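Trainee: I would like to learn how to read some features of a protein model. Could you take me through them one at a time?

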Amino acid sequence: MVFNPVYENINALSAKKGETVQSVVESSFTLKDLGEVLKIDCRCKINRVEIADGYIKVDANAKYKILYINSDNALQSESFDTNFSAKSPTSLKNGKVRAVCEPIDTGISAQSGNEVKIASVIEIGFIITDCESVKALSTASSGFYLKDTPETYIECKCSDNAKTEYSLSDKTFMDDVIFSRATCVINKRSAGVENICVEGEVILETVGTKGGEICSQTLVIPYSETFECNGASYGDMVIANVCVTFCDAVVVSESEGNKLDGVVRCDFDFALYCEREFLNVGDVFSVKKQLLPTLKSHNVCEKISNFTVLERVDGNVKLGDNMPACDVILSACAFDAVVNSVKCEDGSLLVEGAVSGRVIYSCSSPDKTVSAYVVAPFSFSALLPLSDEEVVAKADVTAVTCRVRRGNEIDIKADLSVDVIAFRNKEIAVISELLEGDDIVVPTSAFSVYIAEGGESLWDVSGALGINPDTLTEQNSSLTFPLVKGDRITIYRALDSKKI
């Protein structure tokens, strides 16, 4: 046979969990006629991510909505935003970076008159994916014998983004809206023919007044979006996330009563993956020529997935001794969830974190409106088809209920939507180059006997005896591999060299 090595290029995905980085963002804002700050809502949007000069560089924007009481005890709200940047060291030179950015703590670091200085601790996590073209010896090669094993790997089909806008409308008991915030969560992701579908909920939270008293209302609207995606087909794996970029709500007075109108704008980004398989030539053998293979190792992703876990958590918070006793809770919206630890063990996902936010309440003695920052830690497990994957998780609070307990304690129940991205890598070795070496001296004896030491494969014995595997199995059909110590193999050869 003519020596003819053939190569194929495998577009294999590799995935890596980057180092988490925390950035402290400080901003100074001037509020009109400031009395007391009740709530500070911080939302982050990543504008650009790139790999350059040994770092992952992130440019992002923090949007603040501040709810406060002025000197006349009237409810007010102001919106501000500030840009910030962060970077994390990496050894990679290129690839696609998916970043998860969330504030884990926000508060007032200084205040002077109407000017407040706000500090936010913002945590950014990374998943770095890279589509590497792996050159591998193909089973279409000829002129020698191949030992091949099937290998699976993940291939990225495409990635894209889309913008959407939702108009939310419902009846309301409020007279006006002072503060609004929106959360968008994805509960389901699926691929169809040339498209992907994401389903979830848009949650609009509002704080306003009714007859001069503070009150709040939450509006939940389900959605289903279909985005075009070239090459998509059923069974493909979809990773998708969403970011709220704008939120506003007003109360409209109509003949049938007041109506709450809101507008929420969102950015979706998604990527589509599929599982591929190729026959990896792990070893080669020739009875006529020495073969000189070049082996190269590659780290490839063999599994990637995106889940949404819905969970209800609860906790109990005791107000500080210097805080007035809670009489009536007026508002408990704009709560956040932070995931501190996430790992998978034996098909279970273990998640630990904390739910935090500000509760606005009234107290009878003294007669005033009070804002209290509360934190409730949580821990739960969820059954997911995961074993030893790397996991990145982000949590959103979709609903929260607070109840007064004995004046200085508050029970908190929160519904969480936890977005989980999991992946697992493996290392494969491929023959990236194969050269033909010197001639092999072909045995001319009529027969050879091989006594097994134990554990030898068909491939091992063929190489030792200088005979092709097909002939060996034809002449020793009763043997099974791997061999047992003492197994005896006898090979008969034709003396005519043309038949060897």
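Mentor: Start with burial: a residue counts as buried when its relative accessible area is under 20%, and as exposed when that value is over 50%. Keep in mind that this is a predicted model.

Trainee: Which residues of helix H1 are buried?

Mentor: H1 runs over residues 458–465, and its buried residues are Trp459, Val461, Ser462 and Leu465. They lie on the same side of H1, because the arc they cover around the axis is only 165°.

Trainee: What covers the buried residues of H1?

Mentor: The cover includes three strands, E8 (145–171), E13 (257–285) and E21 (447–451). It also includes helix H2 (469–475) and strand E22 (488–492).

Trainee: What follows H1?

Mentor: Glycine 466 does, and its phi is positive, near 65°.

Trainee: Let us turn to the surface. Which residues form a nonpolar patch there?

Mentor: The patch is formed by Phe447, Val449, Ile451 and Tyr492, and together they have about 410 Å² of accessible area. E21 supplies the largest share, three residues. Tyrosine 492 is placed in strand E22.

Trainee: Why does tyrosine 492 count as exposed?

Mentor: The cut-off for exposed is over 50%. Tyrosine 492 has a relative accessibility of 55%, so it counts as exposed.

Trainee: Next, the aromatic rings. How many aromatic pairs are there?

Mentor: Two rings pair if their centres lie within 6.5 Å, and a pair is stacked if the planes are under 30 degrees apart. By this rule there are eleven aromatic pairs. One of them joins phenylalanine 227 and phenylalanine 270: the ring centres are 5.6 Å apart and the planes stand at 5°, so this pair is stacked.

Trainee: Which parts does that pair tie together?

Mentor: Phenylalanine 227 belongs to strand E11 (residues 213–228) and phenylalanine 270 to strand E13, so the pair ties together parts that are 43 residues apart in sequence.

Trainee: Are phenylalanine 227 and phenylalanine 270 buried or exposed?

Mentor: Phenylalanine 227 counts as buried because its relative accessibility is 9%. Phenylalanine 270 also counts as buried, at 4%. Another pair is phenylalanine 378 with phenylalanine 380, where the ring centres are 6.0 Å apart and the planes are at 25°, so this pair is stacked as well. Phenylalanine 378 is buried, with a relative accessibility of 8%, and phenylalanine 380 is buried at 8%.

Trainee: Which residues form one aromatic cluster?

Mentor: The cluster is made of Tyr166, Tyr223, Phe227, Phe268 and Phe270.

Trainee: Which peptide bond is cis?

Mentor: The bond from phenylalanine 481 to proline 482 is cis, with omega near 0°. Proline 482 is in the loop between H2 and E22.

Trainee: And where does aspartate 33, with its positive phi, lie?

Mentor: Aspartate 33 is in the loop between strand E2 (21–30) and strand E3 (34–52). Its phi is about 55°, although it is not a glycine. With 35% relative accessibility, aspartate 33 counts as partly exposed.

Trainee: What is phi of glutamate 194?

Mentor: Phi of glutamate 194 is near 60°, again positive in a residue other than glycine. Glutamate 194 sits in the loop between strand E9 (176–191) and strand E10 (195–210). Its relative accessibility is 39%, so glutamate 194 counts as partly exposed.

Terms used. Residues numbered from 1 in each chain as written. Predicted model: local features only at pLDDT ≥ 70, side-chain atom pairs only at ≥ 80, totals over all residues. Heavy atoms only, no water. Buried < 20%, exposed > 50% of the residue type's maximum accessible area, 1.4 Å probe, protein only. Helix = DSSP H or I, 4+ residues; strand = E, 2+ residues; numbered from the N terminus. Arc of directions from axis to C-beta. Contact = heavy atoms within 4.5 Å. Patch = residues over 30% accessible without salt bridge, like charges linked within 9 Å, V, L, I, M, F, W, Y side chains within 5 Å. Areas by Shrake-Rupley, 256 points an atom, 1.4 Å probe, with all protein chains shown as cover. Salt bridge = Lys/Arg side-chain N within 4 Å of Asp/Glu carboxyl O. Phe/Tyr/Trp six-rings, centres within 6.5 Å; stacked < 30°, edge-to-face > 60°.
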